[in-house]
Amino acid sequence: MDKNIPPPTPTLTVEAIKNAVLRLYCLEDISVVGKLGSGFYANVYLVYHRPTKRKMALKISPSGNIQRREIELLRGLRHENVQRLYGACIISGRLACLTEYANGGSLVDLLTATSSPLPWGCRVSLAHDIIRGLGHLHEHRLIHRDLSSQNILIRVNYEASGTAMPLPPNWGCNRSNGTTTPISPVENSLSQLEPSQGLRIDQMTELWEPGSPPCAGLPKVSPSVAPPSSFHRYSRSPPYIAVVGDLGVCLDLRQRNVDATVIAGSAYCTAPECLRKLAPYSPAADIFAYGLLVCELIARVVNNGSAIPRTSDFGLDKEKLYVPDDCPKWFLDLAVDCCKVNHLERPSAEEIVDRIISRSIDPSFIGPRAFNYNFFEEDTSPDRSSLKCFTGPTLRGNGGQQLPAPATIQPDCLG
């Protein structure tokens with residue numbers, strides 16, 4: 001090679017793959033098991049990696065830029081309540097990300113699964129999970145901008161129950177209005193399909209078109225629910241763990257010259273100051289969306305634009321919100337405070353965590369307590385705490401000293 005010829009310059013796509021991907025998976029090792037869902041920007045499939053025997057969620061969209069951006073963001077996040085990135089693969093020249101598979105579906109699935117119990121202790125646990133994951137994003141100066149129940153993933157906690165129970169054969173949900181509709185037997189045939197029998201991903205070059213063959217023949221993956229045994233009062237762990245996912249429209253305030261005024265995501269969860277162009281996106285905008293999520297947990301409804309009432313100035317209409325009689329007052333007050341019209345008056349993620357923790361040991365939390373959740377086990381793994389940062393093989397702060405363990409919710413008194 002002529003020494004006078006400079007080496008080739010990598011393209012932006014090559015640089016993105018090099019810098020963003022933790023691991024590039026080979027298509028020949030991956031089988032497509034079924035469909036998990038589809039959204040405005042991407043389609044999601046359940047895939048099986050044969051060498052590691054791991055189930056993963058594959059997300060692909062017609063525009064590779066969205067997936068590349070989400071991969072770059074997820075790569076720098078390690079937290080129990082933020083969706084975990086495994087790697088990526090290239091399908092017909094398009095970048096697709098491979099993330100953890102949440103066997104409980106989304107919060108929409110859980111809220112509409114009326115046959116599954118959802119006691120107040122569990123709802124508070126989910127609210128705590130969500131705010132911890134959101135707080136981790138804010139610590140990295142990331143604004144989610146689309147914090148809806150469809151983008152909150154649910155893990156069924158096997159440590160709490162030891163098993164998982166699929167939803168009834170006729171159970172389903174209409175994501176547009178939150179009502180239940182029957183699902184065809186074909187969509188529930190996943191339990192009879194072994195992961196190794198899935199279609200090879202290298203044989204499916206049109207995954208971004210769900211209606212195209214052979215994608216149309218894939219079974220619909222039904223979410224799992226926790227069995228009644230996991231709700232026992234002496235359970236050490238909650239039956240469900242919430243995970244913040246779908247960072248495709250996330251705003252990175254670490255970048256220069258970003259336009260924080262462009263509305264992104266669903267208008268149903270957008271803060272008033274953003275809708276009215278009074279202030280740019282900030283962590284307070286995510287807190288407003290979080291308050292609406294707490295309202296969904298309280299009323300056990302899906303925010304479809306009418307289920308969670310809004311005022312003329314786009315705030316929360318507390319008077320018209322359905323609130324069960326046994327709802328803890330402090331839980332409702334938390335939702336109202338997060339949904340204040342003035343974004344400067346909303347609490348921060350850290351303040352919300354402190355409020356939930358302080359109430360978890362309050363004997364008046366839910367009258368006669370039926371649950372004794374020790375929400376998080378002691379663990380020193382790096383993805384357990386949003387208060388730690390990576391500086392080498394151990395976790396240490398900026399000054400070099402080892403950081404203390406994160407605060408955990410204390411067990412409730414059974415007395």
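Me: Which residues in helix 7 do W120, R123, L126, A127, H128, I130, I131, L134 and H138 in helix 4 meet?

Reply: This is a predicted model, in which local features need pLDDT of at least 70, side-chain atom pairs count only at pLDDT 80 or more, and totals for chains, interfaces and linings use all residues. Residues are numbered from 1 along each chain as its sequence is written, and side-chain values use heavy atoms, with hydrogens and water left out. Helices (H or I, at least four residues) and strands (E, at least two) are DSSP runs numbered from the N terminus, and contact means heavy atoms within 4.5 Å. The residues of helix 4 listed above meet, in helix 7, P283, D286, I287, Y290, L293, L297 and I298.

Me: How many residues of the contact of helix 4 with helix 7 are charged?

Reply: Ala, Val, Leu, Ile, Met, Phe, Trp, Tyr, Cys and Pro count as nonpolar, Asp, Glu, Lys and Arg as charged, and the others, Gly among them, as polar. In the contact of helix 4 with helix 7, 12 residues are nonpolar, 2 are polar, and the number of charged residues is 2.

Me: Are helix 4 and helix 7 roughly parallel or antiparallel to each other?

Reply: Helix 4 (residues 120-139) packs on helix 7 at an angle of about 165°, with the axes 10 Å apart. Axes are lines fitted to C-alpha atoms, for helices over the stretch in contact, and angles run from 0 to 180 degrees between N-to-C directions. Angles under 35 degrees count as roughly parallel, over 145 as roughly antiparallel, 65 to 115 as roughly perpendicular, and the rest as oblique. Helix 4 and helix 7 are therefore roughly antiparallel.

Me: Is the crossing of helix 7 and helix 8 left-handed or right-handed?

Reply: Helix 7 (residues 283-299) and helix 8 (residues 329-338) pack at about 150°, their axes 7 Å apart, which makes helix 7 roughly antiparallel to helix 8. A crossing is left-handed if the near helix is turned anticlockwise from the far one by less than a right angle, and right-handed if clockwise. The crossing of helix 4 and helix 7 is right-handed; that of helix 7 and helix 8 is left-handed.

Me: Which residues in helix 8 meet helix 7?

Reply: The helix 7 side consists of I287, F288, Y290, G291, V294, C295 and I298. By class, this contact of helix 7 with helix 8 has 11 nonpolar, 1 polar and no charged residues. The helix 8 side is F331, L332, L334, A335 and C338.

Me: What separates the C-alpha atoms of L98 and V47?

Reply: L98 lies in strand 5 (residues 94-100) and is buried at 0% relative accessible area (buried is under 20%, exposed over 50%, partly exposed in between, with a 1.4 Å probe and protein chains only). Beyond its neighbours within four places in sequence, L98 has contacts including Y25, I30, M56 and V47. V47 is 51 residues from L98 along the chain, and their C-alpha atoms are separated by 8.8 Å.

Me: What is phi of N257 near?

Reply: Most residues other than glycine have a negative phi. N257, in the loop between strand 12 (251-252) and helix 6 (272-275), is exposed at 83% relative accessible area. Its phi is positive, near 60°.
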